[in-house]
Amino acid sequence: MDSDERPQQVTGVVIITLPPSDNPSLGKTITAFTLTNDVFPQSHQTQQRQQQEEQTLPTTQILTPAPPSAQNPQRGFSFLALFSDNPRKLLGFLGISLFALLLYSSAFSNTFVELRNSNNDDDEKPQSFIFPLYHKLGADLELKLGRFVDVDKENLVASVEGGATGTQKINKLVASNAAVIDSSGTILPVRGNVYPDGLYFTYMLVGNPQRRYFLDIDTGSDLTWIQCDAPCSSCAKGANPLYKPTRVNIVASKDLMCTEVQKNQKPQNCETCQQCDYEIEYADRSSSLGVLARDELHLVTANGSTTNLDVVFGCAYDQQGILLNTLSKTDGILGLSRAKVSLPSQLASKGIINNVVGHCLATDVGASGYMFLGDDFVPNWGMSWVPMLGSPSTEFYHTQIVKINYGSSSLSLGRQHSSIGRVVFDSGSSYTYFMKQAYAELVASLSEVSEVGFIQDVADTTLPMCWQAPFPIRSIKDIKQFFKTLTLQFGSKWWIISKRFHIPPEGYLIISKKGNVCLGILDGSKVHDGSTIILGDISLRGQLVVYDNEKLKIGWTQSDCAHPRRFKSLPFVEG
């Protein structure tokens with residue numbers, strides 16, 4: 001090189017190289033050159049080493065940076081020249097940069113780890129399953145949060161082994177026994193109707209030959225069960241014929257799944273029992289009695305292949321309470337909780353899926369939504385995640401909440417000795433429930449709508465709080481401007497680092513048959529333990545909600561729930 005020739009100088013070059021089409025898992029490559037004014041001559045040895053390193057990057061094309069203009073050698077940009085006359089500016093710039101880096105890393109560190117892991121070992125990764133969802137129009141109000149209770153084995157209505165058809169009375173669980181099994185306090189019936197959506201349900205293919213059954217999706221229930229002819233003592237007229245088990249399908253009392261179902265029941269010695277009996281009572285005081293069965297479940301994976309495997313579920317031959325009304329369009333319940341007997345846990349124990357459950361309930365009445373088992377459809381970005389609380393006495397999906405706001409007004413969490421409350425995500429409940437004090441404060445705040453002409457209509461018994469609007473309305477969109485958004489804040493009281501779940505007016509209001517606006521949030525003081533917020537279907541709509549039982553966290557992001565998508569990369573590196 002001539003002594004008069006100036007060395008090449010980089011003024012800022014960024015090269016983005018796409019992966020080869022036959023191997024997209026290699027990802028993109030981004031090459032950036034440092035901004036500088038200084039000239040650093042390179043030795044022949046250094047240049048050779050760089051050339052060797054560049055040759056080892058098969059997905060990156062190395063471009064030679066263009067030389068600077070000889071007419072204006074001072075056009076380069078220098079950070080040192082910018083801050084050399086004012087050290088305070090330099091310190092301020094470094095401080096802001098450090099804060100931004102910490103904030104960014106805290107928000108996206110898990111994202112990059114998950115993204116990197118998602119690109120590895122795709123061939124060995126467990127499968128995922130997609131299920132369409134449908135809504136039940138005009139269904140009665142339901143509140144699940146089901147739990148196994150003691151079965152009176154001496155007064156069973158039916159026995160699959162013996163084929164008995166007796167009509168002995170079943171000893172139902174009373175409130176005093178409820179406290180022994182689950183510290184849920186007093187449970188009272190909740191009445192009303194669901195307008196317009198009701199609960200969401202999907203279908204399963206069971207048996208050989210396979211038959212289709214419609215099941216309510218319920219993240220608050222452990223056991224999946226189907227109405228069955230064992231024979232049936234009290235069954236609703238479901239959407240499909242009753243499931244007909246054989247002796248081969250009946251699970252023995254010594255089976256590990258039976259032990260799991262009966263683990264919270266009073267110990268009973270039964271050497272001659274040939275079947276595993278169970279009884280579930282739900283928070284709305286409805287119940288289901290049956291025996292465990294094992295049969296073939298047919299699942300279609302996300303890539304279109306079919307998986308057939310044996311699973312354990314309930315053969316339910318005696319339903320009582322509201323269940324008899326709500327089963328008019330379905331055949332049972334799909335248990336999606338964290339319990340070992342739930343369908344996701346059974347599939348995960350066999351290595352079929354990662355134990356992740358997700359659902360997306362559409363807000364639009366004309367749409368439905370979808371749910372999935374497995375983690376292929378979990379976004380790697382844009383999700384708000386909160387830790388899942390663990391408890392030996394419950395398998396609910398619950399987490400801690402630090403604040404509730406109606407607009408800018410704060411609502412009480414109702415806990416005297418703690419500023420932290422609890423929230424349960426329950427797709428098996430039609431409505432949302434607040435603690436007594438928070439509910440009373442919300443109702444008081446909503447009284448402001450009377451100033452714009454809304455009049456409470458006590459004659460409308462659809463729900464406890466209904467208002468007649470000052471003009472005819474056809475949907476919540478017509479009146480949502482008069483109501484405010486509810487915000488549930490998680491993680492921290494500091495707004496900038498907290499996680500927030502927003503419930504817009506369409507997430508807590510319904511239109512009754514009389515054309516009134518009704519509040520779809522109810523007093524939960526006598527539901528569950530009385531001090532827990534229960535987020536039901538009405539408030540879960542319009543959100544993709546994910547329950548990650550592998551990493552023990554719950555996440556959500558806003559969605560139209562039109563169709564599922566595979567998420568493999570961040571939005572700014574998609575290609």
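Which side chains meet in a salt bridge at 3.5 Å, N to O, with K244 as one partner? In this predicted model, the side chain of K244 meets that of D229. Both residues belong to the loop between β8 (225–227) and α5 (256–261), where they are 15 residues apart and link distant parts of the chain. K244 counts as exposed because its relative accessibility is 56%, where the cut-off for exposed is over 50%. D229, with a relative accessible area of 28%, is partly exposed.

The count of salt bridges comes to eight. One of them joins D255 and R294, whose closest N and O atoms are 3.2 Å apart. Here too distant parts of the chain are linked: D255 lies in the loop between β8 and α5, R294 lies in strand β10, and 39 residues separate the pair. R294 has a relative accessibility of 30% and counts as partly exposed. A further salt bridge is formed by the side chains of E281 and R285, at 3.5 Å from N to O. Of these two residues, E281 is buried, at 9% relative accessibility, whereas R285 is partly exposed, at 32%.

One consists of six strands in the order β3-β14-β13-β29-β30-β15, with antiparallel pairing. Its edges are formed by β3 (129–132) and β15 (384–387), each of which pairs on one side only. From one strand to the next, the twist averages 15°. Strand β3 is joined to β14 (residues 369–373) by four bridges, and the two run antiparallel; within this pairing, I130 has F372 as its bridge partner.

The other open sheet has four strands, arranged as β21-β22-β26-β25 with antiparallel pairing. Because β21 (455–456) and β25 (509–511) each have a single partner strand, one side of each is left without a neighbour in the sheet. Strands β22 (residues 466–468) and β26 (residues 517–519) run antiparallel and are joined by two bridges, and V517 of β26 is the bridge partner of W467.

The structure also holds four cavities of 30 Å³ or more. The second largest cavity has a volume of about 110 Å³. Its lining comprises 14 residues, with T224, L297, V311, F313 and L343 lying nearest the centre. Two or more lining residues are given by each of β6 (200–206), β10 (287–300), β11 (306–320) and α7 (343–349). By residue class, the lining of this cavity divides into 10 nonpolar, two polar and two charged residues.

Terms used. Residues are numbered from 1 along each chain as its sequence is written. This is a predicted model: local features need pLDDT of at least 70, side-chain atom pairs count only at pLDDT 80 or more; totals for chains, interfaces and linings use all residues. Side-chain values use heavy atoms; hydrogens and water are left out. On a 1 Å grid over the protein atoms alone, a cavity is a set of points where a 1.4 Å probe fits but cannot get out, and a pocket is an open set with protein on both sides within 12 Å along at least five of seven lines; lining residues have an atom within 4 Å of a point. Grid points are joined across faces, edges and corners, and a volume is the space filled by probe spheres set on the points. Ala, Val, Leu, Ile, Met, Phe, Trp, Tyr, Cys and Pro count as nonpolar, Asp, Glu, Lys and Arg as charged, and the others, Gly among them, as polar. Two strands pair if DSSP finds at least two bridges between them. Axes are lines fitted to C-alpha atoms, for helices over the stretch in contact, and angles run from 0 to 180 degrees between N-to-C directions. A salt bridge is a side-chain nitrogen of Lys or Arg within 4 Å of a carboxyl oxygen of Asp or Glu. Buried means under 20% relative accessible area, exposed over 50%, partly exposed in between (1.4 Å probe, protein chains only).
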